[in-house]
Amino acid sequence: MQQQGEGYRNLADSLKSASALLNLEFRSSLNQDIITVCNHLVNPSFRIAVFGPFNHGKSTLLNAILGNRTLPIDLIPTTGAMITVKYGSDVRTRIMLVDGTEVERSGTGILQQFAILDGDRQMRKDVASVEVFYPHPLLQTGVEFIDLPGTNDQEAQDNLVKEKLLSVDLVVQLLDARKLMTLGERENLRDWLSDRGIQTVIFVANFLNLLEPEEQKQVQNRLLFVAESFRTDLPPGFSNLYRVDALPALRARLKGDVAAASSSGLVAFETALQNIVSILQQNRGGVRLPRVQAIASQIQLSLKAKIDPLIHEIKALDNKQNAKYAIKEKAANLISQGYSKSLKELCNWLHLPNLLAKYQADGAVALAENKFKSWQTDKLKKDLTELQLDVVKWLYQAYEFFQEERPEDLLIRLPSEPQITLPPKPGNTDELSEPGSIAVGGGIGWLLGGPVGAAVVGSISYLINKNIQQEDDQLANESYHQQVARVCLTVIEEYLSNFSSQSLSILAEYEQKAEKVIRFTVSQETPEVTQKLADLQQLQNAFNQLLHGLGKSKIPLNYQPYPEIAKNRNTNRVYIPKRERVQTYSAKNTQTRVESPKQKVPPPPKASPRPQDVDTKFRNWEIDEEMERIKAEMRSPGSQNRQKQQQTQNKQSSNPPKNQAEKDKIARAYRILGLQPTASFADVKKTYKTLVKKWHPDLFVNQPQMQKKADNNMRLVNEAYNTLADYYG
């Protein structure tokens with residue numbers, strides 16, 4: 001029993017905790033029912049209430065059972081408060097007022113002051129409870145009688161009665177045999193009792209003695225129908241219908257007339273009542289838990305009305321957040337791809353064999369002509385700056401999107417101007433006529449001055465193009481200007497070797513820093529979602545805890561528990577896109593000398609067309625265009641895509657032509673690209689890409705006529721593409 005009591009207390013706590021999350025008004029019907037049921041669940045007393053409309057004789061019946069005029073009775077509605085009759089060694093009354101004042105008097109005379117309706121037939125609002133203590137054997141067993149105000153008189157009385165019915169274990173519904181089961185009584189039977197899990201009900205018919213014998217038989221049949229139509233949970237073998245003529249029974253008791261009390265039906269009713277109570281007291285759970293189930297169902301329904309929309313809201317916010325995450329992931333991958341390509345291009349450019357092939361000859365000539373600084377700035381530095389900017393721009397794109405870490409500028413400095421040590425100058429100045437020398441005219445002097453400088457420049461070109469590997473004895477026979485030319489080539493080789501080694505080392509370090517920029521922190525929830533999740537967690541915990549308490553009390557469950565919310569939702573993680581590592585070459589590789597007196601000099605770079613360069617430029621253009629589209633999606637995830645898809649599907653433009661001139665311009669653009677007017681924008685982009693690869697001017701560097709044609713064609717293609725891009729919006 002003690003363990004059961006503990007279980008009921010826990011169940012009551014679960015009901016209160018769950019209802020607290022509903023933010024119910026204190027005087028609301030549901031809140032008052034919850035308070036009543038929870039208090040009753042842990043109440044050790046067995047409570048019997050007499051229930052019915054006013055003037056049905058409720059107080060009279062209770063007085064007859066008690067054998068005394070304990071409770072106030074009159075021909076008009078009198079009971080203005082719920083009166084609880086408890087066991088006491090002597091008759092006394094205790095009144096508790098709302099302000100905490102306690103009034104206690106011997107006897108029951110004080111009830112006339114506090115427990116009856118006032119002149120306006122209103123209940124006193126300052127009375128919290130009314131208790132009468134009386135020495136009756138049934139009360140001594142832990143039973144309490146509840147005298148309720150009559151119904152169908154005042155709304156306040158009806159609300160009080162409906163609320164208090166949940167706090168009783170056995171309801172005695174008093175019926176007036178003269179007007180059996182009115183519509184109001186039938187509604188109360190359904191709404192106030194059966195629908196709220198109150199199934200332990202006994203019907204008592206009063207005033208049957210006032211009817212003629214024939215009428216009594218008819219009423220008895222109707223009473224049997226009423227009793228059989230209402231499902232009760234009384235112990236087996238007991239009827240739920242009795243006849244008691246309340247006023248004759250009271251008079252008989254007051255006179256001590258046993259026979260009259262028996263003929264009034266009181267004795268039979270008392271005997272059945274005592275036996276029913278004795279059995280039900282042993283199974284209070286079976287009496288009280290159906291009321292808990294009815295109230296719990298309302299609480300669960302109200303909780304679900306909060307939980308389910310909250311789940312949908314969080315899901316919608318999650319979907320929105322996931323859409324933004326998908327956009328960021330796409331942007332990160334795209335930026336990483338562009339960065340890797342640009343970095344790879346820069347690394348390849350810095351690879352020593354490539355530097356030598358592209359710049360050694362021009363650098364040596366610039367050195368011979370005393371124009372090294374100009375060549376270094378106008379050519380080498382210009383190319384380096386362009387390639388560096390191509391790399392860094394991706395990091396600034398990443399910072400603009402993700403705001404993780406501000407990128408550092410890529411600082412690759414050119415080495416200092418090389419110093420040259422000339423070989424001893426021979427006395428013979430006629431060496432200019434030796435084979436292999438190429439005089440390029442006077443006026444180009446170098447440190448040697450005059451025609452010797454011109455011969456050196458010519459020898460540089462000769463040595464680069466000749467590409468001869470000479471023996472030591474042959475080298476000794478080289479002319480002076482060829483020796484100087486070789487010195488120039490060697491100095492430039494060392495210059496470019498140092499430049500390559502230092503630059504690739506800087507790039508290797510820079511690439512590690514770039515990883516901190518091209519990344520973003522993934523948070524599955526915004527502060528709004530975090531708060532909603534906290535609210536949802538609290539509601540679901542209360543719901544599940546209530547289910548658990550109902551299950552332990554063996555109350556049938558109408559719902560399944562909500563699954564636990566994932567605990568790792570708040571965990572932030574960093575998304576780093578996977579990308580191909582760029583080979584920056586080792587210091588050992590970069591120090592390898594490409595040309596020495598015993599080695600083969602690499603050939604000069606060819607000026608032939610390079611389609612791969614066109615692919616790179618076009619790919620960069622595509623990436624830039626894609627990045628702009630992603631930025632638009634970031635501002636409104638998904639809407640840009642849906643809009644463009646709709647435009648493409650319907651072949652409609654957001655910028656329709658306003659006049660015939662614009663229509664002609666659009667038609668001409670389609671003709672230039674070789675497309676039909678029904679083509680989608682995807683077809684336009686695909687065709688544009690094909691034509692760029694076909695007519696890019698870089699493909700015709702050494703073909704002046706074709707390059708001129710390519711320039712014209714590319715101008716037309718670009719104009720056509722821009723026109724249709726505006727048209728498709």
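## Burial and overall make-up

A residue is called buried when its relative accessible area is under 20%, exposed when that area is over 50%, and partly exposed in between. The model described here is predicted. By this criterion, buried residues account for 46% of the 729 residues in the protein.

The secondary structure comprises 24 helices and 11 strands. Taking contacts between residues at least 6 apart in sequence, 79% connect residues that are at least 24 apart.

## Strand E1

E1 and strand E6 (residues 143-147) run parallel and are joined by 5 bridges. E1 and strand E7 (residues 170-176) likewise run parallel, with 4 bridges between them. Val50 has a bridge partner in each of these strands: Asp147 in E6 and Val172 in E7.

In a regular strand, side chains alternate between the two faces of the sheet. In E1, Phe46, Ile48 and Val50 point one way, whereas Arg47, Ala49 and Phe51 point the other way. Residues of both groups are buried. Because 6 of the 6 residues of E1 are buried, the strand is largely enclosed by the rest of the structure.

## Two asparagines with positive phi

Most residues other than glycine have a negative phi. Asn23 has a positive phi of about 55° although it is not a glycine. Asn23 is located in the loop between helix H1 (2-20) and helix H2 (29-41). With a relative accessible area of 63%, Asn23 is exposed.

Asn55 likewise is not a glycine, and its phi is positive, at about 65°.

## Helix packing: H2 and H12

H2 packs against helix H12 (residues 284-350) at an angle of about 145°, and their axes are 10 Å apart. The crossing of these two helices is left-handed. On the H2 side, the contact is made by Leu30, Asp33, Ile34, Val37, His40 and Leu41. On the H12 side, the contributing residues are Arg288, Leu289, Arg291, Val292, Ile295, Gln298, Ile299 and Ser302.

## Helix H11

Helix H11 spans residues 266-281 and contains 16 residues. From its first C-alpha to its last, H11 reaches 22 Å, close to the 22 Å expected at 1.5 Å a residue. The buried residues of H11 include Leu266, Phe269, Ala272, Leu273, Ile276, Val277 and Leu280. Glu270 and Gln281 are also among the buried residues of this helix.

## Cysteines and a contact across sequence

How many disulfides does the model contain? The count comes to 0 disulfides, where a disulfide would require a pair of cysteine sulfur atoms within 2.5 Å. Two cysteines may be described by their accessibility. Cys38 has a relative accessibility of 1%, so it counts as buried. Cys488, at 0% relative accessibility, also counts as buried.

Arg190 belongs to helix H7 (residues 183-193). Its relative accessible area is 43%, so Arg190 is partly exposed. Arg190 and Phe230 are separated by 40 residues in sequence, while their C-alpha atoms are 9.2 Å apart in space.

How values were computed. Residues numbered from 1 in each chain as written. Predicted model: local features only at pLDDT ≥ 70, side-chain atom pairs only at ≥ 80, totals over all residues. Heavy atoms only, no water. Expected span 1.5 Å × (residues − 1). Buried < 20%, exposed > 50% of the residue type's maximum accessible area, 1.4 Å probe, protein only. Pairing = 2+ DSSP bridges. Axes fitted to C-alpha atoms, helices over the stretch in contact; angles between N-to-C directions. Left-handed = near helix turned anticlockwise from the far one by under 90°. Contact = heavy atoms within 4.5 Å.
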